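Biologist: I would like to learn how to read strands, sheets and helix packing in a model. Could you take me through one, feature by feature?

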Amino acid sequence: MNSEKQMNNPFIDHDFDKEHLWHPYTSMHNPLPAYGVVSAEGVELTLDNGMKLIDGTSSWWACVHGYSHPNIVSAMQQQTAQLSHVMFGGLTHRPAVELARILVDMTSERLTKVFLADSGSIAVEVAMKMALQYWQGRDKPNKQKILTVKSGYHGDTFAAMSVCDPEGGMHTMFGELVTEQLFAPAPTSRFAESFDAKELLPISNMFEDNHQQIAAVLIEPIMQGAGGMRFYHPEYLSALRKLCDKYDVLLILDEIATGFGRTGKLFGYEHANIEADILCLGKALTGGYISLAATMCSDEVAEGVSDSPAGVFMHGPTFMGNPLACTAAIASLELINQQKWQNQVAHIESQLRAELADAVNYTHVVDVRVLGAVGVLEMSSTLNTAELQQQFVDLGVWIRPFSNLIYIMPPYTISSEQLTQLTRAMKKVASQLTLPSHRSQFISHG
């Protein structure tokens, strides 16, 4: 079958898929159902059976402008015809230079250096390597530990796994191969409520006791994503910055999920009015059209890395600075810089608050929370993902629950009517659930 026929043929061999393709977090014994998608436009996915679903997840939080946006598609088509890929070692190109210029301009003043990687997990790996190499260049090679908080998630590669939640993550599966890091309790003061300064005592004590071996603190600003969709108080983030300054520790902010407007600010750190020493970006960086990530750092970090015994930064992915991905990112960030996202996200937040509020009265809903373009129903126990997934598809929406959470993070371009369809589906499924009465160990309290 030639490529044109393949593109025009909606048939998907689901039996072959089930037998041979490994999907995320799925067993090959009894894999979760995989629904066939043949096209997508706006905020709708079209399945191979002709059904259309309103996407409530932005394809894992990345497609903030929706699908088939003409600006991004056109830019990528032109770039594909001109230069789709070239190695970044010893060569450079306009898309990489222009993207770096945009990122330096739109992030905080301290962040001046840009490392372009190919996925969010790798951006985190790069950030951690930068921190360790920095201290080698500053004659403090004993600073090799990363301090983070529980209920966090930073990716599935080995270094990234080591800073994910030690109980809910993958530490137990891979034993000593996962580097032992330092974990403080997760922040507990909720975003819009009063801040309890006492919650800083455990992490403050960890700084005092371990600062000579701590290279960096790594945290997701304001919203802990895959660790439980928890929204914590900006004062906690402000205090972390001060502790890092006091004890000579770098601050790494993982904005892969929170960056580019998702929490109501362009970046999550803006809620606390702080700056990172190292910043990780991904997901919405390209509008979700192709994989790309960036790790940014300050001049001081870059100089420390360059002063290390190696003399160079020891990382260089094959697809680093890929021209096609950089072009998609430029087009996506041009849309972000038009500032339409601010009104879009504010409207989504207002509508989510109004339409989800009464779900707190449902038998198995223990919390309802909204921040920016994120809406969460926390349930009393772990959910059956496959069962609920089918219920949502039957309702014409794509909402993918995990653990004990029913949540949405829709594209910013969603209409009020489409958003209402999502919230109605969330509430209908949540109201009809039959769950154990006891609370699950996975429950978050953010």
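Modeller: Gladly! Let us start with a definition: two strands pair if DSSP finds at least two bridges between them. Please keep in mind that this is a predicted model.

Biologist: Then which residue of strand 12 is the bridge partner of Leu111?

Modeller: The general idea is that strands of a sheet pair through backbone hydrogen bonds, either parallel or antiparallel. Here, Leu111 has Ser298 of strand 12 as its bridge partner. Strand 4 and strand 12 (residues 293-298) run antiparallel and are joined by six bridges.

Biologist: In what order do the strands of that sheet come?

Modeller: The order is 4-12-11-10-7-5-6, an open sheet of seven strands with mixed pairing. From one strand to the next, the twist averages 20°.

Biologist: Which strands does helix 10 touch where it packs on the sheet?

Modeller: Helix 10 (residues 234-247) touches strand 5, strand 7 (214-219) and strand 10 (250-254), and its direction makes about 170° with that of strand 7. Helix 11 also packs on this sheet, touching strand 4, strand 10, strand 11 (278-281) and strand 12. The direction of helix 11 makes about 90° with that of strand 12.

Biologist: Now for helices against helices. At what angle do helix 6 and helix 11 pack?

Modeller: Two packed helices are described by the angle between their axes and the distance between the axes. For helix 6 (residues 120-137) and helix 11 (residues 299-306), the angle is about 70° and the axes are 7 Å apart. Angles of 65 to 115 degrees count as roughly perpendicular, so helix 6 and helix 11 are roughly perpendicular to each other. Their crossing is left-handed. Met130, Gln133, Tyr134 and Gly137 of helix 6 make the contact with Glu300, Val301, Gly304 and Val305 of helix 11. By class, that contact has four nonpolar, three polar and one charged residues.

Biologist: Which side chain does Glu300 meet in a salt bridge?

Modeller: Glu300 meets the side chain of Arg138, at 3.0 Å from N to O. With a cut-off of 4 Å between nitrogen and oxygen, the count comes to 16 salt bridges.

Biologist: How do helix 14 and helix 15 cross, left-handed or right-handed?

Modeller: That crossing is right-handed. Helix 14 (residues 385-394) and helix 15 pack at about 135°, with axes 10 Å apart, and are therefore oblique to each other. Leu388, Gln391 and Phe392 of helix 14 meet Ala425, Met426 and Val429 of helix 15. This contact has five nonpolar residues, one polar and no charged.

Biologist: What is the order of strands in the three-stranded sheet?

Modeller: The order is 13-14-16, an open sheet with antiparallel pairing. Strand 13 (365-371) and strand 16 (405-408) stand at its edges. Strand 14 (residues 374-379) pairs with strand 16 over four bridges, and Leu377 has Ile406 as its bridge partner in strand 16. Helix 15 (residues 416-431) packs on this sheet, touching strand 13, strand 14 and strand 16.

Key:
Residues numbered from 1 in each chain as written. Predicted model: local features only at pLDDT ≥ 70, side-chain atom pairs only at ≥ 80, totals over all residues. Heavy atoms only, no water. Axes fitted to C-alpha atoms, helices over the stretch in contact; angles between N-to-C directions. Helix = DSSP H or I, 4+ residues; strand = E, 2+ residues; numbered from the N terminus. Parallel < 35°, antiparallel > 145°, perpendicular 65-115°, else oblique. Left-handed = near helix turned anticlockwise from the far one by under 90°. Contact = heavy atoms within 4.5 Å. Nonpolar A, V, L, I, M, F, W, Y, C, P; charged D, E, K, R; others polar.
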